[in-house]
Amino acid sequence: MITRQRLAAGVFVLLAVLTAGIAVPSTAVADETTATAPKVNLLLDVSGSMRAKDIDGQSRMSAAKQAFNEVLDATPEEVQLGIRTLGADYPGDDRKTGCKDTAQLYPVGPLDRTEAKTAVATLAPTGWTPIGPALLKAADDLEGGEGTKRIVLISDGEDTCAPLDPCEVAREIAAKGIGLTIDTLGLVPNAKMRLQLSCIAEATGGTYTSIEHGDELTERVNQLVDRAADPVVVPKAVEGAEACAKAPKLTSGLYTDREEFAGQRWYRVDVKPGQELRAAVSVAADRDVNPDYGVLLRAVTSENREIVRGEAAGNGRTDVISTGLRYPKAEDEDDSTDADSAETVCLQVTHSYSPATGVKTTPGLPLEITVDVVEGPDQAGDVASFGLGRGWWLLGVLVLVGFLAGVLWGWLSRWRVAVWRTN
């Protein structure tokens, strides 16, 4: 009897150990999946102006609710989705209270579609439009995790809670370097609202979309939610030097850095014979700057001889300007030369942004560098000839055909004149 009891106890312990052994790895995998899951926070304007009935014969609020229900049905399983409102709870006239009116309607996390739809159904147009404070709270909702983070702001009017400028708030969020993108959608937009929502989106690398119909709203929000599930390359932080000799060496990839006003940044890339260097740089103005600015990207040798350059200019209409360059290194014809020997190419980045009056000059402006070292063209015909590439041969053929067509047309014209004179 005692032996049976001991045997039963041993079997029970063994099963418990096996169960624990299986459960622990599963929990670990689940935690890892959650940490890397993409997150989307839908930020909806529920201010009083959403009562207006100018979207396909229904109110803006009704169109937003219908779009949200369809988006919730189509949200991918791997996306953690949340909903935050602004102007949904306070109907009064006290501005100080109205500008704090933002609440988390549905927390960011695994989606319960029924619960989320029930929460959306309770919304009614109410109060103010505190876009700036709501963006700050929406960014806090997305803290933690290593996956992509995206805020989708849907509004029908500009912020009513200045001086907290929503565009400045977006720039502050971008400066944190947390990889958060803000996309904005304007319902029945006017010029002032379009300008503000565009500025918010551009500050974080997002997009602005003008919406005038319900199906457009559904389609666009679905696109943005699906985009969050796509894999995103996170740039590596790098610190450029003030001279090529001390510059960090970069390989193919995406990098981010900051450059002081009136400063320069140097980086180095090794390019072997038969390879081609492709580089691009984008510089963003995350604060007020004077109009008329430019960015220059130069590739030079270690002896400071310029190989190629790319440059672009702006006039204040956009916060980001980009330029790029290509440098194919030819194969060595001398067999005695080591085929694995690489040339060190120095990349210099400079810009001509200047800060507006009273604007802080530190930290420097954010810049993003893309470096790609690929196999060079196999044939000489693949390399651009006088800027035309393979089109050079096509141009020659067209010139020849045009010449022959001109001669033929001239002969026919003379023949017709001769016949006319004879008649």
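**View 1. Helices α2 and α8 cross in a right-handed way.** This is a predicted model, in which local features need pLDDT of at least 70, side-chain atom pairs count only at pLDDT 80 or more, and totals for chains, interfaces and linings use all residues. Residues are numbered from 1 along each chain as its sequence is written, and side-chain values use heavy atoms, with hydrogens and water left out. A crossing counts as right-handed if the near helix is turned clockwise from the far one by less than a right angle, and as left-handed if anticlockwise. Here α2 takes in residues 60-74 and α8 residues 214-229; they pack at an angle of about 35°, and their axes are 9 Å apart. (Axes are lines fitted to C-alpha atoms, for helices over the stretch in contact, and angles run from 0 to 180 degrees between N-to-C directions.) On the α2 side, the contact is made by Ala-63, Ala-64, Ala-67, Glu-70, Val-71 and Ala-74. Facing them from α8 are Leu-217, Thr-218, Val-221, Asn-222, Val-225 and Asp-226. Contact means heavy atoms within 4.5 Å. Sorted by class, the α2 and α8 contact has 8 nonpolar, 2 polar and 2 charged residues. For these classes, Ala, Val, Leu, Ile, Met, Phe, Trp, Tyr, Cys and Pro are nonpolar, Asp, Glu, Lys and Arg are charged, and the others, Gly among them, are polar. An α-helix has 3.6 residues a turn, so residues three or four places apart point the same way.

**View 2. Zoom in on Val-71, a residue of helix α2.** Val-71 has 0% relative accessibility, so it counts as buried. (Buried means under 20% relative accessible area, exposed over 50%, and partly exposed in between, with a 1.4 Å probe and protein chains only.) Leave out residues up to four places away in sequence, and Val-71 touches Thr-218, Val-221, Asn-222 and Val-225. Glu-219 is 148 residues away from Val-71 along the chain, yet their C-alpha atoms are separated by 8.4 Å.

**View 3. Here is the largest pocket, with a volume of about 1300 Å³.** On a 1 Å grid over the protein atoms alone, a pocket is an open set of points with protein on both sides within 12 Å along at least five of seven lines, where a cavity is a set in which a 1.4 Å probe fits but cannot get out; lining residues have an atom within 4 Å of a point. Grid points are joined across faces, edges and corners, and the volume is the space filled by probe spheres set on the points. There are 47 lining residues, and the closest to the pocket's centre are Gly-179, Leu-180, Thr-204, Pro-235 and Glu-368. Elements giving two or more residues to this lining include the helices α6 (166-175) and α7 (191-203), along with strands such as β4 (149-155), β5 (180-187) and β15 (365-375). The lining splits into 20 nonpolar, 14 polar and 13 charged residues.

**View 4. Asp-183 sits in strand β5.** With 1% relative accessibility, Asp-183 counts as buried. Setting aside neighbours within four places in sequence, Asp-183 is in contact with Arg-150, Ile-151, Val-152, Leu-153, Gly-206, Thr-207 and Leu-224. Ile-151 lies 32 residues from Asp-183 along the chain, with 6.2 Å between their C-alpha atoms.

**View 5. Gln-196 of helix α7 takes the stage, together with helix α5 (residues 131-141).** Gln-196 counts as buried because its relative accessibility is 17%. Apart from neighbours within four places in sequence, the contacts of Gln-196 are Ile-131, Glu-158, Asp-159 and Pro-166. Helix α5 is mostly covered, with 8 of its 11 residues buried. Ile-131 is one of those buried α5 residues, and others include Leu-135, Ala-138 and Asp-141.

View 6. In the loop between β14 (343-351) and β15 you'll find Pro-363; a cis peptide bond joins Thr-362 and Pro-363, with omega about -5°. Asp-292 lies in the loop between β10 and β11 (293-300) and has a positive phi of about 70° although it is not a glycine. Its 59% relative accessibility means that Asp-292 counts as exposed. Asn-304, in the loop between β11 and β12 (306-314), also has a positive phi of about 70° without being a glycine. At 52% relative accessibility, Asn-304 counts as exposed.

View 7. Helices (H or I, at least four residues) and strands (E, at least two) are DSSP runs, numbered from the N terminus. Of the 423 residues, 40% are buried.
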